[in-house]
Amino acid sequence: MAYGVGWAVRGESLPWEDSHPAAAQQRDDQPVAMPHEDGTATPSDDPSDDTSDDPSATPSDEPDPSEEPDPTKEPEPSKEPGPPPAGPALLSPGDKGPEVRDLQARLKQIDWFSGDVTDNYGDVTTEAVRGFQAKRGFQVTGEVDQRTLDRLHEMTRQPTKAELTNQPPPGDGGNTPGPLDARCTTGRVLCIDKSSRTLRWVVDGDVRKTVDVRFGSAELPTREGVFSIQRKSRDHVSTIYHTSMPFAMFFSGGQAVHYSPDFAARGYNGASHGCVNVRDHDAVAWLYDQVNVGDKVVIYWS
């Protein structure tokens, strides 16, 4: 069938309408055809074409929620925020003076510094500060900024003159023993007096050696009563606290008489975890060789 010039099938654009948009406006009441996925067309004013409130409608650029996640795919690790940056250094390696001495004494109070307190900020002090910072989640620099100094002051007290000059605290020059308990007068006995903080090695009533000792804290007290040496360990290391316990002589479970470098350094500013600490290294080494498994231990208040 032939069509005349200028005639067009209803619904199709005329040739000149491609270049004149105004001419392509909707004519009469004919709706614009909207294609479906199956190739059919639905007028745009058909309510069924609106999928904005249809929960089953899924945009083509989003994943299908019915798809199972891939169990072999590892999740991306989340980035943990790092420690806050340190402030300006108040004390740093190479510094000298009383402030360094105070710093070392305070670190020594909480077991982050060992050895004699000095005026010199050297390698030992640097490592002590680094360890202290790392333990508290601070930026590890080995230098003392205000945050590090404030935290250290919160955890310690003003060092005593004895601590600043590496001298025993007052009264630590040697304790005076109290009366000997009657249970210590026969046989071979480690006679330990809590009142005078002394240990005496007694054989048949004869006192052979007297040393200063310290005990456990209120939370971890040293037991009292009559015991016996159960076992000995010359170079013992605690499996609980991972600290050295040289010349350990165990008398009640994990409690033992042993040398304590912390007691030697800090005196009665600290406490044991229940053991009987001796600060005289040579004396406890001598005792270790004298005492046998099975010898009696008496711990009492005089």
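Visitor: In which sense do strand β3 and β4 pair, and over how many bridges?

Guide: In this predicted model, strand β3 (residues 188-193) and β4 run antiparallel and pair over six bridges. Two strands count as paired if DSSP finds at least two bridges between them. Strands (E, at least two residues) and helices (H or I, at least four) are DSSP runs numbered from the N terminus.

Visitor: Which residue stands opposite Arg200 of β4?

Guide: Cys191 is the residue facing Arg200 across this pairing.

Visitor: And the turn of that hairpin, how many residues does it have between the strands?

Guide: Four residues separate β3 from β4 in the hairpin, and Arg197 adopts a positive phi near 55°.

Visitor: Is β4 itself buried or exposed, and why?

Guide: Six of the six residues of β4 (residues 198-203) are buried (under 20% relative accessible area, with exposed over 50%, partly exposed in between, for a 1.4 Å probe and protein chains only). The strand is therefore largely enclosed by the rest of the structure.

Visitor: Which residues point which way?

Guide: Thr198, Arg200 and Val202 point one way from β4, whereas Leu199, Trp201 and Val203 point the other way. All of these residues are buried, Arg200 included.

Visitor: Changing topic: how are β7 and β8 joined?

Guide: β7 and β8 are antiparallel and share six bridges.

Visitor: One more residue, please. Where is Thr125 found?

Guide: Thr125 belongs to helix α2, which covers residues 123-135. Its relative accessibility is 2%, so Thr125 counts as buried.

Visitor: What does Thr125 touch?

Guide: Leaving aside residues up to four places away in sequence, Thr125 is in contact (heavy atoms within 4.5 Å) with Leu103, Gln104, Phe113 and Asn120.

Visitor: What conventions apply to the model?

Guide: Residues are numbered from 1 along each chain as its sequence is written, and side-chain values use heavy atoms, without hydrogens or water. Because the model is predicted, local features need pLDDT of at least 70 and side-chain atom pairs 80 or more, while totals for chains, interfaces and linings use all residues.
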